[in-house]
Amino acid sequence: MIIVKVGGSVFSDKKGEPENFDHETVRNIAKEIAKFYPRENFIVVHGGGSFGHPEAKKYGIRDGLPEDWETANFRRIGFTETHQAMLRANSEFIKAFVREGLPAFSVSTSSVFITENGEVAYGDLEVVERLLELGFIPVLFGDVSIDLAKGIDILSGDQIITYLAKMLEPDKVIFLMDVDGIYDGKPGEGGLIQSLSRAEIGSLLERLHCTAAGTDVTGGICNKLEEAKKIAEHSEVWFVNGKVPGRLSGAIRGDGFGTRIKG
Ligand SMILES: Nc1ncnc2c1ncn2[C@@H]1O[C@H](COP(=O)(O)OP(=O)(O)OP(=O)(O)O)[C@@H](O)[C@H]1O
Ligand SMILES: C=C(C)CCOP(=O)(O)O
């Protein structure tokens, strides 16, 4: 089984208009998956991009539910609005996949996982496992979450993947990004790292100063590398450019262009 994370920067321009969606890129991703399905089983997880992140930021969802009723209710409305924005992004994914004959099925992350300070506290994967057994492609997404410590929070797609990898032990986890892989520095400045061991991630994080978070509410490239370090305990991890046709196929075959992380 292969888990594919479609980064928010792949399917939308995070600095562009709210809720912009790159239909052509997602159609190409679906076409590439269709070349391997059903020989391979897939779980797809997508990020927030220009859908979830602006709403989450506007309503301060990561700050949780305060005592003050007015502010708490503002955030409750924001919790709902952010989830609805993510459902709209998810619906575009499902439509694109179904058009390519892929039985993609939407699974709402906020109905499966409970967090504690933004980390998965527990998740009930029975539905996901049964969907896989029945030949479906479960499609999850970064979402709002009920949080044991803060009341509400955001659960990033990258953290969902870490939990799925730990519980389901996929053969491979592939992160699709809008750049060619992980760079030793800022993209365009540092060189592309084609191969990385799990043990080398710590020193890379130090070299990157983890300042690449940009406008994301869930931590950008640093969070991604932190999660990749945990995932590599269970599976091979790839970071490839999801905007360039053929790169996903290369990672699925195992001879692709991008960054490969081994345990
Ligand atoms: N050293 C680096 N290597 C690779 N990308 C980097 C690096 N430093 C900064 N970046 C930036 O990180 C971005 C990817 O992180 P980002 O959080 O936007 O990923 P995403 O998975 O597309 O988004 P989301 O979390 O919304 O799903 C790239 O667009 C890239 O410009
Ligand atoms: C902001 C929301 C709702 C989802 C965040 O998920 P990510 O883009 O995978 O970090």
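**Entry 1: the sheet**

In what order do the eight strands of the open sheet lie? I looked this up before anything else, keeping in mind that the model is predicted. I found the order β3-β6-β2-β1-β9-β11-β12-β10, with mixed pairing. A reminder to myself: strands of a sheet pair through backbone hydrogen bonds, either parallel or antiparallel.

Which are the edge strands? They are β3, residues 104–106, and β10, residues 195–197, and each of them pairs on one side only. I also checked the twist, which averages 20° from one strand to the next.

Strand β3 runs parallel to β6, residues 137–141, and three bridges join the two. One pair to find on screen is Ser106, which stands opposite Val139 in β6.

Then I looked for a helix over this part of the sheet. Helix α4, residues 69–99, lies across β2 (42–46), β3 and β6. Its direction makes an angle of about 155° with β6.

**Entry 2**

Glu116 stands opposite Glu119 in β5.

**Entry 3: two helix pairs**

I began with α3 and α4. Their axes come within 8 Å and cross at roughly 175°. An angle over 145 degrees counts as roughly antiparallel, so α3 and α4 are roughly antiparallel. From α3, the residues that meet α4 include Phe51, Ala56 and Tyr59, and among their partners in α4 are Phe74, Ala85 and Met86. Sorted by class, this contact has seven nonpolar, four polar and five charged residues.

What angle do α7 and α8 make where they pack? I noted about 170°, with the axes 10 Å apart. Helix α7 spans residues 201–208, and helix α8 spans residues 220–231. These two are therefore roughly antiparallel as well. On the α7 side the contact is made by Ile201, Leu204, Leu205 and Leu208, and on the α8 side by Cys222, Leu225, Ala228 and Lys229. I sorted these residues too: seven are nonpolar, none is polar and one is charged.

**Entry 4: around ligand 2**

Which residues come nearest to ligand 2? Of the 17 residues around ligand 2, the nearest are Gly47, Gly48, Gly52, Gly142 and Gly157. I then asked where the shell comes from. At least two of its residues come from each of α3 (49–59), α4, β7 (143–147) and α6 (157–168). Helix α3 gives the most, with three residues. By class, the shell has five nonpolar, ten polar and two charged residues. Here I had to remember that Gly counts as polar.

**Entry 5: backbone details**

I looked for a cis peptide bond and found one from Tyr37 to Pro38, with omega near 10°. Pro38 sits in the loop between α2 (23–36) and β2.

I also looked at positive phi values in residues other than glycine. Glu19 has a phi near 60°, and Glu19 belongs to the loop between α1 (8–11) and α2. Is Glu19 buried, exposed or partly exposed? Glu19 has 16 C-beta neighbours inside 10 Å, so I wrote down partly exposed.

Glu169 has a phi near 45°. This residue lies in the loop between α6 and β9, residues 172–177. Glu169 is exposed because 11 other C-beta atoms lie within 10 Å, and 12 or fewer is the cut-off for exposed.

**Entry 6: Val237**

My last stop was Val237, in strand β11, residues 236–241. Why does Val237 count as buried? I found 29 other C-beta atoms within 10 Å, and the cut-off for buried is 20 or more. Leaving aside residues up to four places away in sequence, Val237 touches Val173, Ala228, Ile231, Ala232 and Ile261. Ala228 also turned up in the contact of α8 with α7. Finally, I checked Val237 against Asp171: they are 66 residues apart along the chain, and their C-alpha atoms are separated by 9.0 Å.

Definitions and conventions
Residues are numbered from 1 along each chain as its sequence is written. Chains are lettered from A and ligands numbered from 1 in the order in which they are written. This is a predicted model: local features need pLDDT of at least 70, side-chain atom pairs count only at pLDDT 80 or more; totals for chains, interfaces and linings use all residues. Two strands pair if DSSP finds at least two bridges between them. Helices (H or I, at least four residues) and strands (E, at least two) are DSSP runs, numbered from the N terminus. Axes are lines fitted to C-alpha atoms, for helices over the stretch in contact, and angles run from 0 to 180 degrees between N-to-C directions. Two residues are in contact if their C-beta atoms, placed from the backbone, lie within 7 Å. Angles under 35 degrees count as roughly parallel, over 145 as roughly antiparallel, 65 to 115 as roughly perpendicular and the rest as oblique. A residue is near a molecule or strand if its C-beta atom, placed from the backbone, lies within 6 Å of it.
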